[in-house]
Amino acid sequence: MSKPDMALVSPSRGLTVGLVVAAIAGVCGVVLSFVSAVRELSELGVGDSPSTVLGVPWSVVGIAVFAAILGFAVVLLQRDPSAAPHRRVAMGTTLFIAGMIGLWAAWALTADKVITVTSPQADLDCNFTLLVQCGANLTSWQGSILGFPNPLLGIGGWVAALVMGVALVSAIPLRRALWAWFTLGVTGAMALVIWLISQSIFVLGTLCPWCMVTWAVTIPVFWLCWAELLRRSPQRRLAAAAGAVLGWIPLLTVASYLVVAIIAQLRLDVIAYL
């Protein structure tokens, strides 16, 4: 291989190595930050004054930062060089905004979790009435289904949505496999949301404001991801049908909201509290 050829190949290899190192650093950072956050939150007690930023421990900030590093590294490593760049502004912007809102809700829930542990008698800003409140949800076992506060999952998950949104707006061609894994993660989030909705309405008898914000953004992202995944199918008819479904995402989202609202009204008589 001639020297000019080597000069063309080396930067690409160097970039790949750099991205692999960034991805490994991201994985290690997320795991260590997550473990540290779980330990810090579990060791908090009444009267403690933990070192926080915007109400959450620094380890939680670490989860978000390292998740972003990991996400961008994976996106760049999994870009499809055979596909022509195609900017998806509407979809990318939707994912980015949903990611920002979801991250904000997860952050707020984590901050409120710190308050419920260190100051149990404090009046949380999210506690409006006996029906609309987050205190009962945060202190219930349903709020820590895996042994740690559920919002910690959202911190990393919504950062992934942000990264995918940026990738689409930036016209980075993504492999279908990467989109399939992302959709699988979103489907898991949707399954968890459905279960939490049922627990909130039928067991706890409350409507957690920050939880409802999370529900509100998870639902359209779920529909959007599945429609986009099927649109990328090699089967032309399925891809065409999925492409048509993308235009119906707003209607599907509203219909999903109505189903939740009707169930909540029938079970909790929400209107009587207004």
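Modeller: Accessible areas here come from the Shrake-Rupley method with a 1.4 Å probe, and for residues only the protein chains shown count as cover. On that basis the protein chain exposes about 14500 Å², of which carbon and sulfur atoms supply 71%. The model is predicted, and side-chain atom pairs count only at pLDDT 80 or more.

The protein chain has nine helices and two strands. In sequence order the pattern is α-β-β-α-α-α-α-α-α-α-α. Along the principal axes, the C-alpha trace spans about 75 × 45 × 25 Å. Of the 274 residues, 41% count as buried. Among contacts between residues at least 6 apart in sequence, 79% join residues at least 24 apart.

Now the part you asked for. Side chains of opposite charge can pair when their charged atoms come close. The structure holds three salt bridges. Arg88, Glu228, Arg231 and Arg232 are linked in a network of such bridges, and Glu228 takes part in the bridge to Arg88, in the bridge to Arg231 and in the bridge to Arg232.

Take Arg88 and Glu228 to begin with. Their side chains meet at 3.0 Å, N to O. This pair links distant parts of the chain: Arg88 is in the loop between helix 2 (58-77) and helix 3 (89-118), while Glu228 is in helix 7 (residues 209-231), 140 residues apart. Both partners are buried. For Glu228 the relative accessible area is 0%, which is why this residue counts as buried; the cut-off for that class is under 20%.

The pair of Glu228 and Arg231 has a distance of 2.9 Å, N to O. These two residues are three apart in helix 7, so about one helical turn separates them. Arg231 has a relative accessibility of 29% and therefore counts as partly exposed, since that class lies between the 20% limit for buried and the 50% limit for exposed.

In the remaining bridge, the side chains of Glu228 and Arg232 meet at 2.8 Å, N to O. Arg232 has a relative accessible area of 21%, so Arg232 is partly exposed as well.

A pair of aromatic rings is described by the distance of the centres and the angle of the planes. The structure holds five aromatic pairs. One of them is formed by Phe34 and Phe148, edge-to-face, with 4.9 Å centre to centre and 90° between the planes. Phe34 lies in helix 1 (residues 3-43) and Phe148 in the loop between helix 4 (135-139) and helix 5 (151-169), so the pair ties together parts that are 114 residues apart in sequence. Phe148 has a relative accessibility of 12% and so counts as buried.

Next, the cysteines. A search of the whole structure finds one disulfide. Cys126 and Cys134 form it, with their sulfur atoms 1.5 Å apart. Cys126 is buried because its relative accessibility is 2%, and Cys134 is buried with a relative accessible area of 0%. Two further cysteines, Cys208 at 0% and Cys211 at 16%, count as buried too.

Not counting residues up to four places away in sequence, Leu54 touches Trp107 and Ala111. Leu54 and Ala64 are 10 residues apart in sequence, and their C-alpha atoms are 13 Å apart in space.

To return to your request: the salt bridges form a network of Arg88, Glu228, Arg231 and Arg232, and its link from Arg88 to Glu228 joins distant parts of the chain.

Conventions:
Residues numbered from 1 in each chain as written. Predicted model: local features only at pLDDT ≥ 70, side-chain atom pairs only at ≥ 80, totals over all residues. Heavy atoms only, no water. Contact = heavy atoms within 4.5 Å. Salt bridge = Lys/Arg side-chain N within 4 Å of Asp/Glu carboxyl O. Helix = DSSP H or I, 4+ residues; strand = E, 2+ residues; numbered from the N terminus. Buried < 20%, exposed > 50% of the residue type's maximum accessible area, 1.4 Å probe, protein only. Phe/Tyr/Trp six-rings, centres within 6.5 Å; stacked < 30°, edge-to-face > 60°. Disulfide = S-S within 2.5 Å.
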